[in-house]
Every structure is written in C-alpha cells, then in structure tokens.
Amino acid sequence: MIRCRGQWATAFLWPARTGPTPRRPTGFFSNDRVSEGDILSGHFDATRQRVAATGGPILVLQDTTEFSFQREHPEKIGQTCRVNSGQDQDGRFRMHTVCGLLMHASLAVTTDGLPLGLGAVKFWTWTKFKGTAALKRTINPTRVPIEQKESIRWLENLRRITELFGDPDRCIHVGDRESDIYELFCLAREMGTHFLVRTCVDRLALGGDTTVDAVMGEVTVQGAHAVDVRDAHGHVSTTEVELTYRSLRPLPPIGKQKRYPALTLTVLHAREREEPADRPRIDWKLLTDLPVLSPEAAIEKLRWYAVRWKIEVFHKILKSGCKAEEARLRSADRLVKLIAVYCLVSWRVFWLTMINRSAPDVDAGIVFTEREQEILDFLIPNKPPILPGRNTLGIYLTKVAKLGGYLARGCDPPPGNTVMWRGVVRLIDITLGAEIAPQLVGN
C-alpha cells in the first residue's frame, strides 16, 4: 500500500512477461461492460409492473435537467451551453462554456402524484447537436428535421415509454412549453397514446387564414376555477382563473405540411382576470388530444398539468439530496453511470415521501424489513404501545422522518423529502452497525 496525498492507494507490480499486458483492475463506473442502461433496466421493468398494478390514467412527466461540473479537462465530459460572464475592461462581453451533462427523464406518476418510477432516461451533451444552431441561422428553424434537433429526445422517450408499458391509451405525456412540438403530437397519435403540454407556438388554424390565439380570443369564458398560489415570499393565497376551451385543427409548420397531417386537438386556456401586484399572472395555454367538453373536464386537465411539478421535485432530490453535481468523476461515461444510480436513490426517497401521504395504512413490510422495524421500534417506541401486527407503513415512515429531524407535532404538515432523506441515511447506517456489531464483539 502507498500513501498518496492523505489517501491510500494500491500499487500493482506486474512481473516481466511476454504476450499481452494484463488488464488492470477497474472500478464499477469505469467498467466498459456496464452502461447506464444496464443500471436502470431493472428499475424500468419494476416501473412497468407498478404501472400495470395501478388503475386509472398514468401521467408521464417529461423534463430536462442540467448537471454542471468544474473540471481541469472539460472536454472529457462535454458542454451544455454558453453563458455571459460579464464585461471585460474594454466593455466587451465575455462568454464561457459550461461543462456538464444534460438528462431528459420520463417519470410515471398517478393522477394523485404518487411516483411509480422512471420509464426512460437519456443523457447527452450540447456537442452532439452543435451544428443545429448554425443551421437555424441559415434556414427557418421549423424546416430543420426533428432528427437533427435536441427536441428529438421528447419523441424518443415517448416511444420508449409506449413500448415499455404496453398500454398506450392509459398514458398521458405531460410536458412544459419545450415539449410544444408538432412531430410529438403526430407520433402520439401514431402510437395510440395521449399528451397534455403547455403550448407556446401560435400556429395557423382552420383554413390557414387565422391563428390559434385569434380563434381562442373569440371564445367566451366557459368556467372558473380557484387555485392556490404562492408569491415570492412563500405566502399562499387563493385566486380564480377563467377557463376557455375549444376543439380545433392547428396546422403543421409550413415547411412540414407535406410530411405531417393537420390534427384535431383541444386548446385549453386558464388565465387570471387581472394582473397581480406581487407575482406574474397565471396564464396557461394547454394543448391536448383529449376531449374537453365541460368545465369539470377542463379543471381535471389543469390538475393533471399541475402534477408536472413532481418531476422538478425529483430533480431537486437528485441534486440537493444526492449532490450529483459534487461528484468528482472526470469523464462523461463514468458520470452518467453514477447519476443513473442516484436516479434510483432519488426515486426511492420521493416514493417514500409520497406513499406516506397516499397509502399510510398499508403493511409496513412492503418497505421495511423486520430487522429495520425492530430498530425503529427500539429507537422510537410507540406511544401509546400499538398491538402486534397493527403497525402500519405510515407509523414507520414517521419514525424514519423523526430520525431526520421531523418533530411530528400536531400542527406540522406531513414530512417532506429533506427529512425523509436524512432519516433514511441514518437508518441505513444504524442498521449496518447493528448487523456488524455482534461480529466485532464476538457475540
């Protein structure tokens, strides 16, 4: 063993020999025989089983997140974007390239927001689509083939999810304004699945002599819905949005009208009547292939789109809990494998947090082993004592949250992801100590 900069490292001395040089041992993340797909394949299959065991519609939340790193050799990882670094002494703007990776994930959740698992994950860097920006400067961006754009990831994940779950009619693919892609709508129709996206493109409609916004501007208000909003200071209040909806035929981009047909879709607009003083006005324009024939159906679609925030929570756990951006691996192939492992951990924490709210009365054995239940009962006894066999999942998840700092007062909301994360980490450490302690003391 050699001590180098405060860390222990093993020195391998190979004897002189003829023939091929022996291969040095490699770590898990540097093993060429392991890919991020191999790491996630078992989880994808388990997600499929959970979806099959769940009734009702399944919301497939798609979104992209960025992982930024600081490296001495950024070319080994790749780049995500170029940002303005300010002005130099001569007043010229300085640009620098951000080293990092991009991840596009599809998270399957119930309409109540219970995360069932990931169904597709794609990693890439901006380098792969570097020529697209230059191409858009010479021709109309709508004429650039979708296969040459980063937007292709939305179509690839939709196709992957549809093939994995095998029940396309139950799935509603939910995305933000970045998913407002006409090719995505056509692929969804081709594969027999559905979508609900926030639109940002004012497409031509009807016979091509008007636009979607112009048509919707003539629709009278058809309903209202009260929603809870939070301002910049975290204060929650209730406001009312006006609902308008209509079925019409948006046309595909002019440069692609020979390739894609016009589709009959539903446009749903939810907007506050007046501009608030302390926050931006709620102004959602949603596009879906699902029928909306009543105010109740419109409210249902609004609630489904609001669930999209769950994937943002998943990304927060991935970065703040697992601290994925603090990883010190120096190449992209190793980092994507590590992030794939973190995806499994992040989903697990998220699932524990949400199932405590949606199904607290199920048997605790679906999550905790008997040993873990014994440890939790020893650390946090039940008050008053609970009869054997009556301990539910909610009771043990609350104990885990208490390990993470949750006070469990009567006025406290259900435990969140942060205290669940800390509690799970402590439980794992304590369980490991309980397993090895008898061997160390000789009992």
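Me: At roughly what angle do the axes of helix α9 and α10 cross?

Reply: This is a predicted model, in which local features need pLDDT of at least 70, side-chain atom pairs count only at pLDDT 80 or more, and totals for chains, interfaces and linings use all residues. Residues are numbered from 1 along each chain as its sequence is written, and side-chain values use heavy atoms, with hydrogens and water left out. Axes are lines fitted to C-alpha atoms, for helices over the stretch in contact, and angles run from 0 to 180 degrees between N-to-C directions. Helix α9 covers residues 370–379, and its axis comes within 10 Å of that of α10, the crossing angle being roughly 60°.

Me: How are α9 and α10 placed relative to each other?

Reply: Angles under 35 degrees count as roughly parallel, over 145 as roughly antiparallel, 65 to 115 as roughly perpendicular and the rest as oblique. The axes of α9 and α10 cross at roughly 60°. The two helices α9 and α10 are therefore oblique to each other.

Me: How many charged residues does the contact of α9 with α10 have?

Reply: Contact means heavy atoms within 4.5 Å; here Q373, L376, D377 and L379 in α9 meet Y396, K399, V400 and L403 in α10. Ala, Val, Leu, Ile, Met, Phe, Trp, Tyr, Cys and Pro count as nonpolar, Asp, Glu, Lys and Arg as charged, and the others, Gly among them, as polar. By class, this contact of α9 with α10 has 5 nonpolar residues and 1 polar, and the number of charged residues is 2.

Me: Which residues in α10 do L352, I355 and N356 in α8 meet?

Reply: Helix α8 (residues 332–358) and helix α10 (residues 393–403) pack at an angle of about 135°, with axes 9 Å apart. They are therefore oblique to each other. L352, I355 and N356 on the side of α8 meet, in α10, L393, G394, L397 and T398.

Me: How many nonpolar residues are there in the contact of α8 with α10?

Reply: L352, I355 and N356 in α8 meet L393, G394, L397 and T398 in α10. These residues include no charged ones and 3 polar ones, and the number of nonpolar residues is 4.

Me: How is α1 placed relative to α8?

Reply: Helix α1 (residues 36–52) packs with α8 at an angle of about 25°, their axes being 8 Å apart. That makes the placing of α1 relative to α8 roughly parallel.

Me: How many nonpolar residues does the contact of α1 with α8 have?

Reply: From α1, the residues E36, I39, L40, H43 and R50 meet V336, K337, A340, V341, C343, L344 and W347 in α8. By class, the contact of α1 with α8 has 3 charged residues and 1 polar, and its nonpolar residues number 8.

Me: Is S179 buried or exposed?

Reply: S179 lies in the loop between β7 (171–175) and α4 (182–191). Not counting residues up to four places away in sequence, S179 touches W154, L184, F185 and V197. Buried means under 20% relative accessible area, exposed over 50%, and partly exposed in between (1.4 Å probe, protein chains only). With a relative accessible area of 1%, S179 is buried.

Me: Which elements do the buried residues of α4 pack against?

Reply: Helix α4 is mostly covered, since 8 of its 10 residues are buried. Y182, E183, L184, F185, C186, L187, A188 and M191 are buried in α4. The buried residues of α4 pack against α3 (152–165), β8 (194–198), β13 (265–272) and β14 (283–288).

Me: What is the phi of K323, about?

Reply: K323 is placed in the loop between α7 (309–321) and α8. With a relative accessible area of 40%, K323 is partly exposed. Most residues other than glycine have a negative phi. K323 is not a glycine, yet it has a positive phi of about 55°.

Me: How many strands are there in the protein chain?

Reply: Helices (H or I, at least four residues) and strands (E, at least two) are DSSP runs, numbered from the N terminus. Of the 443 residues of the protein chain, 44% count as buried. The chain has 11 helices, and its strands number 14.
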